[in-house]
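Please keep the sequence and the model open while reading.

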Amino acid sequence: MRLRLIPWFFIILNFMEHSGSQHAARGRRQRRMHPNVSQGCQGGCATCSDYNGCLSCKPRLFFVLERIGMKQIGVCLSSCPSGYYGTRYPDINKCTKCKADCDTCFNKNFCTKCKSGFYLHLGKCLDSCPEGLEANNHTMECISIVHCEAGEWSPWGPCTKKGKTCGFKRGTETRVRAIIQHPSAKGSLCPPTTETRRCTVQRKKCQKGERGKKGRERKRKKLNKEESKEAIPDNRGLESSRDTPEQRENKDKQQQKKRKVQEKQQKSVPVSTVH
């Protein structure tokens, strides 16, 4: 059993030695290419230069070139900055810049957010949305057109006229419905949510407390008319008190004549005798 495990052990050792030698050779090549390579690198750099910054990164870090004026400096980051996407390779993990119209991306062919003035659609940045879609200026995406959707009509309400439900023959009744889905910018507009039609009811008298404003006014006019009739005799009495002395004297003479006529008529009546 031990004899069978020995060959595998030597294979693993040979692989580790080969990997170490490759890493050492890569470091020697980098030192030959960059004579100013520093061994005391900071910020996640595996190798670096005083002039160019990081030349290679520690495992799992991404290498990216940052522009500072006319100069580019290599840095090592745990994730790629905005406008870049990360790609892992056997020898290096690097950040690659997105397309010019793309603000953030998943890879070179799939954008996740567009720059100002462009609309996102299926990973592409477009200056206008395709037919059948509309632009959402809030999310800067191409979305489907949404049309308005209304609910079912409610039952017809009571037949009324000027706020009353009695004391008339013809009035109106109303029904309503709610909006279930509001439309988008290019969607079809919502239909009316209120509908009114004429209605006819059997004429009936209003019960106490059901009279409307018009009924109360009619009742008030009737009471005022009755009060004015009762006040007429008093007004005549006031008018007679305003007569001149000559008019009052003539009226008194006429009354005296009437009394004399009545007395003569009473005297002229024969008195019956009993035999």
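A polar contact is a pair of N or O atoms within 3.5 Å, where, within protein, one atom must be able to donate a hydrogen and the other to accept it; residues adjacent in sequence count only if both atoms are side-chain atoms. The structure discussed here is a predicted model.

## Ser184 and its surroundings

Ser184 sits in the loop that runs between strand 16 and strand 17. Its side chain makes a polar contact of 2.4 Å with the side chain of Glu134. Is Ser184 buried or exposed? Its relative accessible area is 18%, and the limit for buried is under 20%, so Ser184 counts as buried.

Residues up to four places away in sequence are left out of the contact list for Ser184, which consists of Glu134, Ile145 and Val146.

## Disulfides

How many disulfides does the model have? The count is 10.

In the disulfide of Cys129 and Cys142, the sulfur atoms lie 2.1 Å apart. This link is left-handed, with -90° about the S-S bond. It connects distant parts of the chain, 13 residues apart: Cys129 belongs to the loop between strand 11 (124–126) and strand 12 (133–136), and Cys142 to strand 13 (residues 141–144). Cys142 has a relative accessible area of 11% and is buried.

The disulfide between Cys148 and Cys190 has an S to S distance of 2.0 Å. Which hand does the disulfide of Cys148 and Cys190 have? The torsion about its S-S bond is about 100°, so it is right-handed. Cys148 is in the loop between strand 13 and strand 14 (149–150), while Cys190 is in the loop between strand 16 (179–181) and strand 17 (194–200), so the bond ties together parts 42 residues apart in sequence. Cys148 is buried at 15% relative accessibility, whereas Cys190 is partly exposed, with a relative accessible area of 31%. The loop that holds Cys190 is also where Ser184 lies.

## A strand hairpin

Strand 4 (residues 62–68) pairs with strand 5 (residues 71–77) in the antiparallel sense, over 7 bridges. Within this pairing, Phe62 is opposite Leu77 of strand 5.

The two strands form a hairpin with 2 residues between them. Gly69, in the turn, has a positive phi of about 70°.

## Nonpolar cores

Which residues make up the largest nonpolar core? Its 8 residues are Tyr85, Cys98, Cys102, Cys105, Cys111, Cys114, Leu120 and Cys125. At least two residues of this core come from strand 8 (102–107), and at least two from strand 9 (110–114). Apart from this core there is another of 7 residues, including Cys41, Cys54, Cys57 and Phe63.

Cys111, a member of the largest core, is in contact with Cys102, Asp103, Thr104, Cys105, Leu120, Gly123 and Cys125, neighbours within four places in sequence set aside. Among these contacts, Cys102, Cys105, Leu120 and Cys125 also belong to the largest core.

Key:
Residues are numbered from 1 along each chain as its sequence is written. This is a predicted model: local features need pLDDT of at least 70, side-chain atom pairs count only at pLDDT 80 or more; totals for chains, interfaces and linings use all residues. Side-chain values use heavy atoms; hydrogens and water are left out. A disulfide is a pair of cysteine sulfur atoms within 2.5 Å. Helices (H or I, at least four residues) and strands (E, at least two) are DSSP runs, numbered from the N terminus. Buried means under 20% relative accessible area, exposed over 50%, partly exposed in between (1.4 Å probe, protein chains only). Two strands pair if DSSP finds at least two bridges between them. Contact means heavy atoms within 4.5 Å. A nonpolar core is a set of buried Ala, Val, Leu, Ile, Met, Phe, Trp, Tyr and Cys residues joined through side-chain atoms within 4.5 Å.
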